[in-house]
Amino acid sequence: MPRPSNDTFLRALLKEPAAHTPVWLMRQAGRYLPEYRETRARAGSFMQLCTNPGLACEVTLQPLARYDLDAAILFSDILTIPDAMGLGLYFSDGEGPRFERPLREEWAIRDLSAPDPWDHLRYVMDAVAEIRRALNNSVPLIGFAGSPYTLACYMVEGASSTDYRHIKGMLYDRPDLLHRILSVTADAVSSYLNAQIESGAQAVMIFDSWGGSLSPAAYREFSLEYMQRIVAQLIKSKDGEPVPSIVFTKGGGLWLEAIADIGCDAIGLDWTIDIAEARRRVGERVSLQGNMDPAALFAAPAKIAAEAEKVLDSYGPGDTGHVFNLGHGISQFTPPDNVKAVVDAVHKHSRVLRRKRP
C-alpha cells in the first residue's frame, strides 16, 4: 500500500523533506474533548472503551475531525500488557490505574511470562486494523507501548508512585528480580509492537514515562538497555515502506546521545530541554519530536501560537527531521479551541520558515 496522502509525519521521522512541520499531540484523543467524554460514558468504563475496537476507533478519529493533525495515534493504554500478564488491572475514580496483584513475591516474578498479543491482546490488533481502514490512507497511524521500566514501575508498585520505593528497593536490593521482570516485559513489548505493525501501524512509539526518575547508571542498565533490545527486534519495514520508531523518556534530556545510539529513528523530548541544544547534541543520527510545554495551552490563542513559533524557531533551519508535539500529554483541562491554535500555528509558521530558507 502506498504512503498516506499526507505523509509529512513519516517524512520528518525519516529525514525526508516535508512541505511543513508535521504536528500531532500526545493524548490528542482524551478527556479534554467533550465528544470523548460522551463516548467514554457510553462505553461504561475506561477499560470497556479500550477493549472495544469500534469505540477505540471512534475516539482515535475524534481529534482528526476537529484539527488538521498530521498523524493519528491508536487509542489504548500502556498497561494492557501487564493486564494480559494477569496482574488484574482496574481503574478507581480519582486514583488512576491500579493492579490487584502487584509483583512483590519472588515466585510470582519467576512465573511471569509474555502474553501472545494475537490472543490476549487481540482487541488492540482489531482496533489498529479498524482505524487503518477508517483513516483510508489519509494520515499515518502510530502504534505504541510503554517501556519495560515504566511498565515495571506500575507492576511492582501496584499503582502510580511518587517515591518508587518498592521498585527502587528491588532495583538496589534484588536487581536479579527486576531484570527478570524487565526481560519478560521487553519480549512482550517487542511482540506487541510488531503485532501492531502487522495490523497496520505505520510508526511506533515507546513511552518511557518514568525512566527519568533513575540515576544515570540505573537508567542505562534498567531502562535504556531494554528499549534497545526492543528496537532491535522491531519490524523495520512493511509493504515496502519503512516503519520508523520513536523513543520518549520523560526527563531524559541528560541522556540524549545514549538514546540516539540505540537504533531508533526519533527521540521524543519533554519541555525541559531546548530543542536547539538537543539537535546540536544528536546531530543527524535521529529526528526529534517535541517539545512545547503542555501548560502553554492554557494561555490565550495568540500566546499559544507564539510559544509554538518559539519551538520551531529554536529547531532552526531545515525542512525535515522535526515532528512538532507537546513535551507530554494534553491536560484534561485544556480548552479544545486552544488545540486548534497550536496546530494552525505550526503549519503556518513552518511554511513561512521554509519559504525564507535558501
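**Terms and model**

Ala, Val, Leu, Ile, Met, Phe, Trp, Tyr, Cys and Pro count here as nonpolar, Asp, Glu, Lys and Arg as charged, and the others, Gly among them, as polar. This is a predicted model, in which local features need pLDDT of at least 70 and side-chain atom pairs count only at pLDDT 80 or more, while totals for chains, interfaces and linings use all residues. Residues are numbered from 1 along each chain as its sequence is written, and side-chain values use heavy atoms, with hydrogens and water left out.

**The largest pocket**

Let's start with the open space. A pocket is an open set of points on a 1 Å grid over the protein atoms alone, where a 1.4 Å probe fits, with protein on both sides within 12 Å along at least five of seven lines; its lining residues have an atom within 4 Å of a point. The largest pocket is lined by 40 residues, and Arg 27, Arg 31, Phe 46, Asp 77 and Phe 91 lie nearest its centre. That lining divides into 20 nonpolar, twelve polar and eight charged residues.

**Cysteines**

Now for the sulfurs: the whole structure holds zero disulfides (pairs of cysteine sulfur atoms within 2.5 Å). For Cys 50, the nearest cysteine sulfur is that of Cys 57, 14 Å away. Cys 264 is in no disulfide either, and the nearest cysteine sulfur, from Cys 153, is 20 Å away.

**Around Val 342**

Leaving aside neighbours within four places in sequence, Val 342 is in contact (heavy atoms within 4.5 Å) with Leu 25, Met 292, Leu 297, Ile 304, Ala 308 and Phe 324.
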